[in-house]
Amino acid sequence: MECAAKGSQRRCSGSANLRCDGCGAVFYCSASHQISHWNVHKEECGRLKRQMGCVELLNDFPFTFSREATYQVCEKVETRCSLLDKLGIHRAGIWICECSCGSSVFSLDHLRSEMGWRLSSRLCPCKEPLSILKKQLCSWSDYYEWRGIPLDSPVALLLHWPLTIYQAIQLAFAKQSIIETTDELCIHYLERELYQTDVFGELHALLPGVQLHIDFVGPAVPHDRDGETIGLYSYAQCTEANCCCKTPKTEFSSHTNTDTSSKITLRFHSGHYHDRYEELTKEFLPDLIIAPNAGIAAYKSWLPTIELIREIEIPAVFSDYCEEACHLAANCIRSVTGTPLTIPVQLNPFRQPLAVEDTALLLPCYSNCFLFGI
């Protein structure tokens with residue numbers, strides 16, 4: 001942990017081992033640093049204490065590996081690497097970016113390859129569901145039961161990406177920002193990371209009968225992929241050679257750049273959203289903007305994007321790693337728009353069930369953990 005007063009006038013005297021007795025979320029290198037920082041910390045101490053009181057709720061998942069993936073990662077008994085290794089997916093194909101050592105060997109070639117689940121068909125949603133989704137999914141338990149996947153399957157560690165899109169759409173439906181009976185949706189997806197696009201094929205099952213156009217926009221999109229379009233015709237595949245998921249769904253590859261008839265079309269755009277918006281909207285106006293793990297308070301580049309979203313009046317749903325990040329984001333949004341959030345900060349039932357390591361605060365952090373919107 002870093003000293004919460006790091007960067008103040010006096011240099012840190014050593015490791016940050018002195019924990020705030022009030023909130024239990026921040027550490028200091030010395031009593032003198034803690035005392036000098038109180039004028040700053042007193043504004044947040046009570047709020048962080050309340051958030052620390054929600055630890056059990058945040059760590060509540062139905063999986064057989066839940067304790068190792070939550071408490072034990074937070075307490076450094078497990079690492080993401082060691083857990084993925086126990087699950088048999090460490091640095092394997094589509095899972096390569098789920099730990100720091102995998103990310104270090106990630107290359108652009110991985111973005112272009114169909115890596116699949118690296119799991120048996122019993123453990124992954126590699127084919128059509130047995131029944132069409134007739135009621136709203138409200139939890140990972142609902143999803144796993146509907147898809148017939150056992151709770152020892154780790155697929156939720158990646159499926160939080162498409163399931164968070166699903167949840168954002170449900171929130172927009174509830175606010176009547178999107179017509180619920182629509183058969184076509186255009187989503188602008190503001191992403192600072194670009195991995196694992198194959199898992200978005202699960203949106204076939206989650207949104208049956210809906211033609212989806214998703215524009216991935218962000219500085220993490222490689223320049224040589226700018227303007228590229230791919231169609232997702234099927235689900236990420238299992239490891240079994242004779243499984244029906246290996247049957248071609250179309251004469252085109254799932255990563256062809258020439259066919260646009262797919263029910264799910266992904267387009268890639270390099271750069272910041274506010275710089276690319278006019279070009280993006282030449283063909284489709286967005287129905288919804290989604291920004292996963294946005295970090296609005298951490299990146300100055302969000303200011304012109306928030307101003308743009310206010311002007312165009314398109315509903316936008318954001319996620320972030322912890323409630324405190326959402327609180328700070330809401331303050332930033334309010335300072336730009338002059339209005340409060342239209343979708344209040346709320347826990348995402350489809351947050352990634354694997355804790356983030358080495359966080360700035362002791363608060364449990366998960367990818368796509370909380371949602372809010374304007």
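The largest pocket here has a volume of about 800 Å³. A pocket, on a 1 Å grid over the protein atoms alone, is an open set of points where a 1.4 Å probe fits, with protein on both sides within 12 Å along at least five of seven lines; its volume is the space filled by probe spheres set on the points. This is a predicted model, with local features needing pLDDT of at least 70 and side-chain atom pairs pLDDT 80 or more, while totals for chains, interfaces and linings use all residues. Residues are numbered from 1 along each chain as its sequence is written, and side-chain values use heavy atoms, with hydrogens and water left out.

Who lines the pocket? The lining has 34 residues, and A298, C322, A325, A360 and L361 lie nearest the centre; a lining residue has an atom within 4 Å of a pocket point. Helices α1 (31–41) and α14 (323–337) each put in at least two residues, and α14 gives the most, with 3. Helices here are DSSP runs (H or I) of at least four residues, numbered from the N terminus. By type, the lining splits into 21 nonpolar, 4 polar and 9 charged residues. Asp, Glu, Lys and Arg count as charged, Ala, Val, Leu, Ile, Met, Phe, Trp, Tyr, Cys and Pro as nonpolar, and the others, Gly among them, as polar.

Now for the rings. The structure holds 19 aromatic pairs, a pair being Phe, Tyr or Trp rings (six-membered ring for Trp) with centres within 6.5 Å; planes under 30 degrees apart are stacked, over 60 edge-to-face, and the rest tilted. Two of them look like this:

| Pair | Centre distance | Plane angle | Type |
|---|---|---|---|
| F63 and Y144 | 5.0 Å | 55° | tilted |
| Y143 and W146 | 6.0 Å | 70° | edge-to-face |

F63 sits in the loop between α3 (55–58) and α4 (66–69) and Y144 in helix α9 (residues 140–147), so their pair ties together parts 81 residues apart in sequence. Both F63 and Y144 are buried, meaning under 20% relative accessible area with a 1.4 Å probe, protein chains only.

Y143 and W146 both belong to helix α9, 3 residues apart, or about one turn. Y143 is buried at 0% relative accessibility, and W146 is buried at 13%.

The charged end of R147 is over Y235, 5.2 Å from the ring centre, and that of R225 is over F268, at 4.4 Å. That label needs CZ of Arg (or NZ of Lys) within 6 Å of the ring centre and within 35 degrees of the ring normal.

Definitions and conventions: Buried < 20%, exposed > 50% of the residue type's maximum accessible area, 1.4 Å probe, protein only.
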